Amino acid sequence: MTGTSVRGIDHIGVTVPDLETATLFLTRAFGAVVRYDTLRRHEGPRGGPDVERRLGVPAGTQQLAVRMLALPGEGPGIELFEFQGPRREPPVLPCDFGWQHVSLYADDLDAAVRDCVAAGATLLAPPQPLPGPEAGERNRFAYLRTPWGSTLELVTYPDPQPWERTTARPRSRPVPLAPPVGPVPTDSPGAWPTDPDRPGPTGAARRAPVPAEPAASWPRDPDRPPGNVS
C-alpha cells in the first residue's frame with residue numbers, strides 16, 4: 001500500500017485548431033456537454049512568462065480559449081485548448097512518444113463508430129476483435145481520427161476477458177447510462193455556446209455535417225485573420 005492519494009483520471013487535455021468546431025464534433029459524436037469556459041475568447045489572449053513557464057511552452061505562445069466538457073456517464077472530462085504562437089505541431093501518431101490516444105467505452109460499438117463518422121471523424125479500419133488477454137466473443141475495438149487529427153479508440157468488452165482470471169483487481173467497466181427522462185432538447189436557446197462573443201449556430205447548422213477536410217480548411221474565428229494552423 002503506497003501513500004498516494006491519486007484516485008483516477010479527472011480530465012484529458014486536448015489542443016485543437018478551433019475550439020467551437022471541436023466542441024461541435026464532441027457533442028455530435030458523443031453527446032458531450034459544455035461544463036464551463038475557463039478562458040472565454042473576449043477575456044484573452046492569455047500569455048507571458050508565467051503562462052509559458054507553467055505550461056512549458058515556447059516564448060510568445062498565447063491561450064485564446066479554454067473549455068471543459070463532460071462525456072455522458074461518470075468518466076473524465078475533456079478540456080479543450082486553443083492556442084496561437086510560434087509552435088503548433090500536428091497531433092502525434094500512435095508511433096510517436098507521448099500520450100498518443102484516448103479510448104472511450106461504448107455499449108454499441110458499431111453505432112458509436114457511425115456517430116463519430118457522421119460527426120466528421122475518419123475510421124481507420126473496420127472494428128476488430130480484441131486480441132489475446134482481452135479477447136471475448138463480443139469484445140472489439142476500432143481506431144479513428146478526429147477532424148483535427150488526434151487518434152481516438154472506441155472499445156467494448158461486454159464478455160469476460162482471460163486476464164481477469166489471474167488478478168485480484170478486475171477491469172472496471174463504465175456504468176451503463178440511464179435512459180433519458182423525456183425528450184432530449186436539440187436546440188435549447190442560450191445553451192450554445194457558452195462564449196458570449198461567439199454566435200450560436202442555427203438548428204440547421206447544428207444538423208449539418210462537421211467538415212472532414214484537414215484542419216487548415218476549417219471555418220475560422222471571424223474575429224481573427226486566417227492563418228496556417230500547422
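**Entry 1: the E4–E5 hairpin**

I began with the hairpin that E4 and E5 form, which has six residues between the two strands, and noted that Gly73 in the turn has a positive phi of about 90°. Helices (H or I, at least four residues) and strands (E, at least two) are taken as DSSP runs, numbered from the N terminus. The model is a predicted one, in which local features need pLDDT of at least 70 and side-chain atom pairs count only at pLDDT 80 or more, while totals for chains, interfaces and linings use all residues. Residues are numbered from 1 along each chain as its sequence is written, and side-chain values use heavy atoms, with hydrogens and water left out.

I then looked up the bridges, keeping in mind that two strands pair if DSSP finds at least two bridges between them. Strand E4 (residues 62–70) runs antiparallel to E5, joined to it by eight bridges, and Ala65 has Glu82 in E5 as its bridge partner. Strand E1 (residues 11–15) pairs with E5 in the parallel sense over five bridges, and here His11 stands opposite Gly77. Seven of the eight residues of E5 (residues 77–84) are buried, so this strand is largely enclosed by the rest of the structure; buried means under 20% relative accessible area, exposed over 50% and partly exposed in between (1.4 Å probe, protein chains only).

**Entry 2: helix H3**

In H3 (residues 109–119) I found Leu109, Ala112, Val113, Cys116 and Ala119 buried. Seen down the helix axis, the buried residues of H3 fall within an arc of 130°, so they line one face of the helix; the arc is that of the directions from the helix axis to the C-beta atoms. Arg114 and Ala118 are exposed on the face turned away from that buried side. Among the elements covering the buried residues of H3 are helix H1 (19–30) and strand E9 (140–145), where contact means heavy atoms within 4.5 Å. At the N-terminal end Asp108 caps H3, with a side-chain oxygen 3.3 Å from the backbone nitrogen of Asp110, and after H3 comes Gly120, whose phi is positive, near 125°.

**Entry 3: an aromatic cluster**

I next checked ring pairs, which require centres of Phe, Tyr or Trp rings (for Trp the six-membered ring) within 6.5 Å, with planes under 30 degrees apart counted as stacked, over 60 as edge-to-face and the rest as tilted. The count comes to five aromatic pairs. Phe25 and Phe30 are edge-to-face, at 6.1 Å centre to centre and 85° between the planes. The rings of Phe25 and Trp148 have centres 5.7 Å apart and planes at 90°, so this pair is edge-to-face. Phe25 lies in H1 and Trp148 in the loop between E9 and E10, so the pair ties together parts that are 123 residues apart in sequence. Phe25, Phe30 and Trp148 form one aromatic cluster; Phe25 is buried at 0% relative accessibility, Phe30 at 18% and Trp148 at 8%.

**Entry 4: salt bridges**

Taking a salt bridge as a side-chain nitrogen of Lys or Arg within 4 Å of a carboxyl oxygen of Asp or Glu, I have a count of six. Glu82 and Arg41 meet in one (3.0 Å, N to O), and both Glu82 and Arg41 are buried. Asp110 and Arg140 form another (3.0 Å, N to O), linking helix H3 with strand E9 across 30 residues; Asp110 is partly exposed at 32% relative accessibility, as is Arg140 at 25%.

Definitions and conventions
A polar contact is a pair of N or O atoms within 3.5 Å; within protein, one must be able to donate a hydrogen and the other to accept it, and residues adjacent in sequence count only if both atoms are side-chain atoms.
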